[in-house]
Every structure is written in C-alpha cells, then in structure tokens.
Amino acid sequence: MRTQPLSFDALQKTLRARPGSYMPQYDTLIVLPSLSFPATELAKITAIERYEERLLYLLLQLTEPDTHIIYITSLPIDPIVIDYYLRFLPDPHAARRRLTLLSLGHFSGRGLACDLAADDAALGRVRTALGDHGDHAIILPFNVTDAERAVALELETPLFAVHPDLVALGSKTGSRRIARAAGVPVLPGVEDLWSTTAISEAVDALRLRHRDVDAVVVKLNNGFSGQGNAMVTWNSTLSDIADRETVFCAAEETWESYAAKIAAEGAIVEQLVSSRSASPSAQAWISPAGEVTVVSTHDQILGGPGGQVYLGCRFPARPAYRAAIIAYAEAIGRHLADAGVVGPFAIDFSVLPSRNEVLGASDASGIYLSEINLRLGGT
C-alpha cells in the first residue's frame, strides 16, 4: 500500500509501468460512466439518467477469470439488464461474483463523477470493494473533467483516459487543428470563434472563398450528439447572424441562449454537407506506451434537424471508405499520442454523396474529418 497520496500526474504515470496492448493491465476495472457535460445540455437528452448504462458492454471483460469490475451509477440498474449482458459470458454465475454494482441512489443532473467526488460514504464503498486490489486497478470514465480527476485522487487510482489538461485537443476547434496537422482533410470552415459577431464575419468570409457554399453549420466547441449545432442558411442581405434563417438542433435553443454558450466555450463554422452524406466513425485506443490501435468502425445513423443528431449506428463502416477512415484515425492517433494523450477516443467523418455512392472505390477522396471525441465513443 502507498504510504502517502500521489499527485494526479504521478498517479497517471503509474500506468506506464503496466503491460497491455491497448488497455493497461489491471485486476479491477472501475467503470465510471460519468457524462460530465453542462447540466443544461444533458437536460436536452431524453432518459439521460439511463445513459450511464451504455457502458455495460464492458461487463464482457469478465470473461477473463481474474478480472473484477466495479460499476458505478447514479441510480440502481434493473437486475434483468445485468442478466442480459452476463448471459453472453461462458459462466454468468462466476462472472456475477466478480461484479460489484454501486449506485449513489439519486440522479442530480450534475454528473456522476461530480456527485461521487462529494459523497464520502459512496467513496468509502468503492474503497471497500477495491479491497487489496487498489494498486492494480484503473478507472475507465466516459469522459474527463476535473470531477473525474478528483475521483481518481480520492481513490488513488489512475484514469485510463485523456489528461484533463489535454481535453481541448478534442474540442471542435482542436479537432480541426489536429486533423490538419495529421494531413486529414477538413471541410471549408473557420475555428476558434467566441462571439456571434465573429461567427457572422466567418460566414461571410467562407462564402467569399467558397461560392458553392450556401449553408453552414455552427458547432459549439464542446457540443455532443449534434445537440450543440445550429444550421444557418446564407443570405447576403443580412449581416447579423441572428437575422439569418437558422435551425437549432436543440428545439429550445435561441440565438440569445446560443450566444452565451459561444462566449463561454467557443465554436466553429463549417460547410453544411448534404443529408445524403455518410457519417462513419472509427474508435481507437492509445496505450500508456503511446501505441495506437483502431478497434472498430461503424456508420452513424443520424436524424433530427438536417440530419445532425446521433441516433445509433450500423457496424462496421461500409467497405467503400472503411480502410481510409482507419488510416486517418491512425494518423490522428499518432499526433494525439505525441501530445501525451492516452485512453480511448473516437473520430467522426463526413463522406460526401458522390464518394458515398461509389461502393467499389478505395481512395480517400471526399472524406473529411467531422470531429474528434477524446472519450469513449457513444457506441
């Protein structure tokens, strides 16, 4: 056992000493499905209190006979749901004995990690569940903020995830910059915008450089599932962005509320692609040693206004562009690894209609980065 607490950076460095292909070796996996996003954004999602169950697929890790899992949620999970996942394992009963389910008993809307970090009793239950395995455990969060860092320090257990100081690399602005550095195409656009005036000027500049662009999408830097997007139609007679025809993906959004979010977190503007475009995604992991592994691909199913909202996926991505997005994901992963990123991440792409319709093609033309998510992908 440790004689004194480690700093967060020192705690994270302990991962490097553990072998593993893309996940560091552990005896106990603490699953922290913390959707640490602004409460106003989380409130837009139907049944958000059950989104913490999306990581239950990790129970399949219990197929390894020496693995223990501590799965933490805000609300208790129906035993029928747990039984559903465990029935995929060769010995569900043995797996169940190595699974500890802990719930806080309430959903505040602030985020699970935030609530857990402030709950001494719940932290105590996690420490008890860890027992003598604390030095051989890791925490796998959904995404990372200072709240997840606080939980890691309380439990003296490293996060297998991006360092909180590097999260901005996965913002919409950071995504475009990393993509360009990695040689991955991005759609015509402008990043690092912090006011509606800057947005208006960016839209005008974009139109002057690209005469074929008749509509753009504004994306909040930290928006997710398309809920932070606004589609704006070009109109040369209106100078103020708020006067132009706009469709917000979140129905309750207005330019007044949206402007405050732009000022708080920044945004980008880029060409709005046709709803006939494909939107594939690649999921990857960066090991503590800096090795990049692409573990899966899929095609996103999008709906809602302008086809901007994530609804689900089909696995795997279509053969027409699967190899290309894997290569792009590996290139981006290498740049992220060089910046010090570890853990899982996902990359979404846009494939323009002309490219999407040629199923036999194998080149990378017509494929553009959409965004990098420095967290576990939604699928």
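His 163 has its place in the loop between H7 and helix H8 (172-181), where helices (H or I, at least four residues) and strands (E, at least two) are DSSP runs numbered from the N terminus. This is a predicted model, in which local features need pLDDT of at least 70 and side-chain atom pairs count only at pLDDT 80 or more, while totals for chains, interfaces and linings use all residues. Residues are numbered from 1 along each chain as its sequence is written, and side-chain values use heavy atoms, with hydrogens and water left out.

At 16% relative accessibility, His 163 counts as buried, a term that means under 20% relative accessible area, with exposed being over 50% and partly exposed in between (1.4 Å probe, protein chains only). Leaving aside residues up to four places away in sequence, His 163 touches Phe 8, Asp 9 and Arg 149, contact meaning heavy atoms within 4.5 Å.

## Helix H7

Helix H7 spans residues 146-155, and its buried residues are Ala 147, Glu 148, Arg 149, Val 151, Ala 152 and Leu 155. Among the elements that cover these buried residues are helix H1 (8-13), strand E1 (28-32), helix H5 (112-117), helix H6 (120-130) and strand E4 (137-141).

At the N-terminal end, H7 is capped by Thr 145, which has a side-chain oxygen 3.1 Å from the backbone nitrogen of Ala 147. Such a polar contact is a pair of N or O atoms within 3.5 Å; within protein, one must be able to donate a hydrogen and the other to accept it, and residues adjacent in sequence count only if both atoms are side-chain atoms. After H7 comes Glu 156, with a positive phi near 50°.

## Aromatic pairs

The count comes to 7 aromatic pairs, taking rings of Phe, Tyr and Trp (its six-membered ring) as paired if their centres lie within 6.5 Å, with planes under 30 degrees apart counted as stacked, over 60 as edge-to-face and the rest as tilted. One of them is the edge-to-face pair of Tyr 84 and Phe 88, at 5.3 Å centre to centre and 90° between the planes. Tyr 84 is partly exposed at a relative accessible area of 40%, and Phe 88 is partly exposed at 48%. Another edge-to-face pair joins Trp 255 and Tyr 258, with 5.4 Å between centres and 85° between planes; these two residues are separated by about one helical turn because they are 3 residues apart in helix H10, and both are buried.

Ring pairs also link Tyr 84, Tyr 85 and Phe 88 into a cluster, and the charged end of Arg 87 sits over the ring of Phe 88, 4.9 Å from its centre.

## Cys 249

Cys 249 is found in the loop between strand E8 (246-248) and helix H10 (255-265), and it is buried, with a relative accessible area of 8%. Its C-alpha atom is separated by 30 Å from that of Pro 319, 70 residues apart along the chain.

Methods. A charge sits over a ring if NZ of Lys or CZ of Arg is within 6 Å of the ring centre and within 35 degrees of the ring normal.
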